[in-house]
2 protein chains.
Amino acid sequence: MKTFDVVVIGGGPGGMTAGMMLNQMGKTVALIQESQDSFGGVCLNRGCMPTKSLLKAAKIHRDAKQAYKYGLDLQVAPVDLKRLRAVTDEDLNTLRMMIQGMMGSAQVATFRGKGCFQSAHEILVSNPDGSTELVRGGQIIIATGSESVELPFAPFDGQHILSSDQMLSNTDLPKKLLIIGGGAIGCEFATLYHSFGSAVVLVEALETLLPREDQEAGKALQAAFENQGLEVKTGTMIEHLTVENGQVKVKYKDIDATVTVDKVLVGVGRKPNVAGLNLEAAGVKTERGAVSVNQFMQTSVPHIYALGDAIGGLMLAHAAEKEGQLLAMNMAQGTNIPLEESAVPRVAFSYPEVAAVGVSNATAGIRSFTMPEVPNGRSVVDKVTPAFVKLFIEEETTVIVGAIIISEAATEMIHEMALAVENRLTLGQVGKTVHAHPTHSTSVVKAVHHFN
Amino acid sequence: MKTFDVVVIGGGPGGMTAGMMLNQMGKTVALIQESQDSFGGVCLNRGCMPTKSLLKAAKIHRDAKQAYKYGLDLQVAPVDLKRLRAVTDEDLNTLRMMIQGMMGSAQVATFRGKGCFQSAHEILVSNPDGSTELVRGGQIIIATGSESVELPFAPFDGQHILSSDQMLSNTDLPKKLLIIGGGAIGCEFATLYHSFGSAVVLVEALETLLPREDQEAGKALQAAFENQGLEVKTGTMIEHLTVENGQVKVKYKDIDATVTVDKVLVGVGRKPNVAGLNLEAAGVKTERGAVSVNQFMQTSVPHIYALGDAIGGLMLAHAAEKEGQLLAMNMAQGTNIPLEESAVPRVAFSYPEVAAVGVSNATAGIRSFTMPEVPNGRSVVDKVTPAFVKLFIEEETTVIVGAIIISEAATEMIHEMALAVENRLTLGQVGKTVHAHPTHSTSVVKAVHHFN
C-alpha cells in the first residue's frame with residue numbers, strides 16, 4: 001500500500017490547487033482523479049471553460065447579426081453546433097495541456113480512477129481496467145465536486161431533457177428551448193442559445209432571475225433579456241414534462257396552458273458528489289447532501305478535510321481554488337486561518353454580464369443605492385444598454401460591503417469592487433480614484449459619486 | 001457688461017465639470033465655448049468618442065474576418081467609411097444631447113463664441129455672427145484644450161497629410177497609410193485602419209511605442225502589432241514628405257530608401273490652445289506653450305486658473321475632469337488641496353489594449369516584476385494573446401505604485417490597479433482578493449502572486 005502525507009480525492013480547481021501547494025510545501029501528495037475527465041474538474045471539462053468558449057462564439061455571431069448598427073455589412077450563416085463544439089474541444093485540449101504542464105512540474109502522485117474510503121485513512125482506487133489499488137493518507141482532502149441535479153419528474157435523456165453537461169455536447173440546434181432554472185447556468189445557456197437563434201423560454205420558480213442575488217438586479221436582468229426577445233417566466237414552476245413525437249410538452253403549475261418545445265435544459269442546481277465515496281467507512285458526516293465542515297474545512301473526522309462544491313455553498317471554481325490555497329497553508333504550516341468568503345465575486349457570463357461581490361441585502365446598518373441606467377458615453381458608442389449598478393455600504397463607516405453590476409464587461413469591472421470589499425475601502429476611497437475615459441468602469445465610480 | 005463670479009473659457013470635460021460644480025456650489029458661472037464645436041471639447045467632438053465609435057466598428061469587423069477561428073461562417077464586405085462615419089455622427093449626436101441635458105439642468109450662462117482676454121477680469125466673446133460681448137469674471141478658468149501639432153515640413157492638407165481630427169472625418173480608405181507618432185493616438189489609428197484593411201506603417205522617433213510608458217511594454221505592444229502584420233518602425237525619424245500624383249513619398253532620416261503611401265497621419269502630439277487668448281492682456285504667463293500653473297492650478301495671476309490640456313501634462317479627458325472637480329472645490333470652499341495625478345490611468349484603446357497607472361520606472365526603492373505572457377484560460381477560449389502584466393512596488397512596503405497591462409479588456413482591468421495605487425494597497429492586499437474565474441482580470445492577480 002502506498003502511503004502519502006496527504007491524499008486528495010478529486011482533481012478539480014480546489015483539489016489540484018491544494019495538492020500542488022501541499023507538495024510545494026514539502027508534503028508527499030496523492031491526487032486521485034476519475035478517469036473519464038482530465039484534471040481541471042467540471043470547470044474545465046463541463047463547466048466554465050466550454051461555456052465560455054461557446055459564449056465567445058455566440059458573442060461574435062450576435063455582434064455580426066447586428067453589424068448594421070455599426071455601419072458594417074456582414075452575411076451571417078446559421079451556426080453549425082458541430083463546428084462550434086469542435087472548436088471548443090480544441091480549446092479544452094489546449095487547456096488540458098496547460099494543466100498537464102503544471103502537473104508535470106509538481107511531484108504529485110496521480111491516480112486515474114474512482115476513490116472510495118475503506119477506513120478513515122485508506123482509499124481504494126478503482127482503475128478503469130478493473131484493477132484496484134489501496135492508498136493511505138495521513139490526512140485526506142475530499143474535493144469531489146458536484147453534478148447536475150435531476151428533477152424527479154424529468155430524468156435526463158440526453159436528447160430532449162438535458163443536463164448542462166449534456167447541453168454542452170449537444171450539436172442539434174433546437175427551434176425552441178425551455179430552460180428550467182434562472183441561476184447563472186440557466187442565464188448563460190439562455191444567452192448562448194438565444195444568440196444562436198433558438199427561441200428560448202427561461203423559467204425560474206422564485207420571483208427573480210439569479211435568485212441568490214439582489215432582486216432589483218434580477219428584475220433588471222429579466223427586463224434586458226425580454227428586450228432581446230427572450231421569454232422569461234419567473235415565479236413559475238413546472239408540473240410535468242412529457243416527451244412526445246420528438247418534442248417535449250411542458251405543463252406549468254397553476255397555469256392552464258401547455259407549451260411544446262424541442263429541448264429542455266434542466267439547470268436547477270448542482271449537488272455535491274458524495275455518493276460512492278463510502279464516507280461511512282471513514283466516519284465523515286454529511287448534511288443535506290454536502291460534506292459537513294467547520295470554518296477550517298475540517299470534517300467530523302479531524303484529519304479529513306473537504307472543500308469546493310463537495311461542501312456546498314457558492315460552488316464556484318475560484319472559491320474552490322481559494323479554499324484549496326487556504327487549506328494547504330493551514331495544513332502545511334499548522335496555522336488555523338478561518339475561511340472567509342464574503343468577498344468572492346459571483347458572475348454570470350450572460351448578455352448582459354452580471355457580476356456581484358459581498359452582501360446582496362440591505363440589512364440593519366447596511367444601506368443600498370441603485371443607479372438603474374448609469375449614463376456613460378462608452379455604452380453609447382458601443383451601442384449597448386447602460387450599466388445597472390447597485391452598491392451596499394456600511395452606514396456608519398461608508399465602507400463598500402457589496403456591489404452588483406449588470407453591464408458590458410461587468411465580469412471584469414467587479415474586481416475593483418472585490419478589492420474594495422476585501423480591503424474595506426470607503427465610498428470616498430473609491431470615489432477619489434480617477435477612472436479612465438471612456439470605459440465601462442466609469443459607471444462604477446459614477447454610482448459611487450451619486451450614492452445618497 | 002455681464003458679470004459672473006467665475007468665467008470659464010472652454011467647454012470640454014475640464015471646463016464643463018468645473019463650471020457646473022461651481023454653479024452647484026452657489027457661484028454664478030459663465031461658460032464660453034467656441035461655436036464650431038458642441039460642449040464636450042475635443043474628447044467628444046474630435047477625440048475619445050469618435051475614435052471609440054470607430055474602434056468598436058473596427059473590432060466587430062476584425063472579429064468577423066476571424067470568424068473561422070470561432071467556428072463561424074461570415075461573409076465580410078469591405079468597410080464603407082462613409083457609412084461608419086454616419087454611425088459615428090449619430091453616436092456623437094446622442095452624446096451631445098446627453099450633455100445638453102446635463103447643461104440644461106445647471107444654471108450656467110453659456111456663450112458660443114471665441115473668448116479673448118481684454119484685461120485680467122474681462123473676456124471679449126466674438127460671436128459667429130461677428131458681434132462681440134464683454135463678460136467680467138471675479139475669477140477666471142482657462143480650459144481651452146489643445147490642438148494637433150503640425151510638422152514644419154508637412155503642413156496638414158486634409159487629404160494626403162492629415163491631423164487626427166481630419167483623419168476622423170476621412171471617408172477614403174487608403175491602401176497604405178503611414179502614421180507618424182507611436183503614442184496612444186498613433187496606436188489607436190494604427191489599429192483602426194489596419195482592422196479596416198489598410199496596410200499600416202507606424203513610425204516612432206523614440207526607441208519604443210508609447211514612449212512615455214515602460215519600454216518593455218512598448219516593445220511587447222510592438223511585437224503584438226507586428227504579429228498582426230502591422231509594420232512598426234521605432235527609432236525612426238522622417239526627413240521629409242512629398243505629395244506627388246495623389247500619393248505621398250516618405251523619406252526617412254538616415255535610411256536610404258523612400259516609401260510611397262496614400263495618406264499620412266501626423267500624430268506626434270498635441271499643443272495647448274493658447275494662441276488668440278491674448279494672455280498678455282491679463283498678465284498670464286506661459287511656459288513651453290502651456291499656461292503655467294502651480295499645484296493649485298493657479299496661474300501667475302492669482303484669480304486666474306487653468307486646467308486640462310491647456311496646462312500640458314497628461315492631456316487626458318479624465319485628468320481634466322479630475323482637475324475641474326478639485327479646482328471647483330478649492331475655489332468654492334476656499335480649500336487648498338494640491339493636485340496629485342500619480343494615480344490617473346493612461347490608456348490606449350488599440351488592439352491589444354494598453355493601460356497603465358502610477359509609476360512607469362523602477363527608480364530607487366521601486367522594484368518591478370514582469371509576466372510577459374500570463375497563462376489564462378480566458379485568453380485561450382477567447383483566442384487572444386495572453387496578457388502582459390508589469391507591476392511596480394515600493395520595496396520597503398510592497399505597496400503597488402504602478403502597473404501596466406497589455407491585454408484584452410486592459411482598459412477595464414486597470415481600475416483595480418488604479419484603486420490599489422490611489423489607496424496604497426500592498427501586494428498582499430490585492431493578492432488575497434479572490435478574482436472570478438475565468439476572467440482576464442485573473443492575469444493581474446496571477447502577476448501579484450508570482451511577484452518576486
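Two strands count as paired here if DSSP finds at least two bridges between them. Keep that in mind for the first stop, and remember throughout that this is a predicted model.

**Stop 1: the parallel sheet of chain B**

Select residues 176–180 and 263–266 of chain B: these are strands S10 and S16, which run parallel and are joined by 4 bridges. For a landmark, click Leu177(B), which stands opposite Lys263(B) in S16(B). Now colour helix H6, residues 184–196 of chain B, which packs on the sheet and touches S10, S11 (199–203) and S16 of chain B. The direction of H6 makes about 170° with that of S11(B).

Zoom out to take in the whole sheet. It is open, with 5 strands of chain B in the order S9-S16-S10-S11-S12 and parallel pairing. Which strands sit at the edges? Look at S9 (161–162) and S12 (231–233) of chain B, each of which pairs on one side only.

**Stop 2: the sheet of chain A**

Switch to chain A, where an open sheet of 5 strands with parallel pairing has the order S9-S16-S10-S11-S12. Here S9 (161–162) and S12 (231–234) of chain A are at the edges with a single partner strand each, so one side of each has no neighbour in the sheet. Select S10 (176–180) and S11 (199–204) of chain A to see a parallel pair joined by 5 bridges. Within that pair, Ile180(A) has Val203(A) in S11(A) as its bridge partner.

Most residues other than glycine have a negative phi, and most peptide bonds are trans. Is Leu210(A) buried or exposed? With 26 C-beta neighbours inside 10 Å, Leu210(A) counts as buried.

**Stop 3: the domains of chain A**

The assignment gives domain 1 (2–148 + 271–333), domain 2 (161–268) and domain 3 (352–450). The centres of domain 1 and domain 3 of chain A, taken over C-alpha atoms, are 32 Å apart.

**Stop 4: where the chains meet**

Show both chains together. How many residues does each chain bring to the contact? Chain A gives 67 residues and chain B gives 67 residues. On chain B, the elements that supply at least two residues each include helix H3 (48–65), strand S3 (74–76) and helix H4 (81–105). By class, the side of chain B that touches chain A has 37 nonpolar, 17 polar and 13 charged residues.

Pick out residues 74–76 of chain A: this is strand S3, joined to S3(B) by 3 bridges, with the two strands antiparallel. Gln75(A) has Gln75(B) as its bridge partner.

**Stop 5: strand S24 of chain B**

Select residues 387–394 of chain B. This is S24, largely enclosed by the rest of the structure because 7 of its 8 residues are buried. S23 (366–374) of chain B runs antiparallel to S24(B), with 7 bridges between them, and Met371(B) stands opposite Val389(B). S25 (400–407) of chain B is also antiparallel to S24(B), joined by 6 bridges; there, Leu391(B) has Ala403(B) as its bridge partner.

Follow the hairpin of S24(B) and S25(B) through the 5 residues between the strands, and stop at Thr398(B), which takes a positive phi near 60°. Another positive phi, near 70°, belongs to Ala409(B), in the loop between S25 and H11 of chain B. Ala409(B) is buried, with 25 other C-beta atoms within 10 Å.

**Stop 6: two cis bonds**

To finish, find the peptide bond joining His437(A) and Pro438(A), which is cis with omega about -10°. Pro438(A) is in the loop between H12 (427–431) and H13 (442–450) of chain A. In chain B, the bond from His437(B) to Pro438(B) is cis too, with omega near -5°.

Definitions and conventions: Residues are numbered from 1 along each chain as its sequence is written. Chains are lettered from A and ligands numbered from 1 in the order in which they are written. This is a predicted model: local features need pLDDT of at least 70, side-chain atom pairs count only at pLDDT 80 or more; totals for chains, interfaces and linings use all residues. Two residues are in contact if their C-beta atoms, placed from the backbone, lie within 7 Å. Ala, Val, Leu, Ile, Met, Phe, Trp, Tyr, Cys and Pro count as nonpolar, Asp, Glu, Lys and Arg as charged, and the others, Gly among them, as polar. Domain bounds come from an automatic or database domain assignment. Axes are lines fitted to C-alpha atoms, for helices over the stretch in contact, and angles run from 0 to 180 degrees between N-to-C directions. A residue is buried if 20 or more other C-beta atoms lie within 10 Å of its own, exposed if 12 or fewer, and partly exposed in between; C-beta atoms are placed from the backbone.
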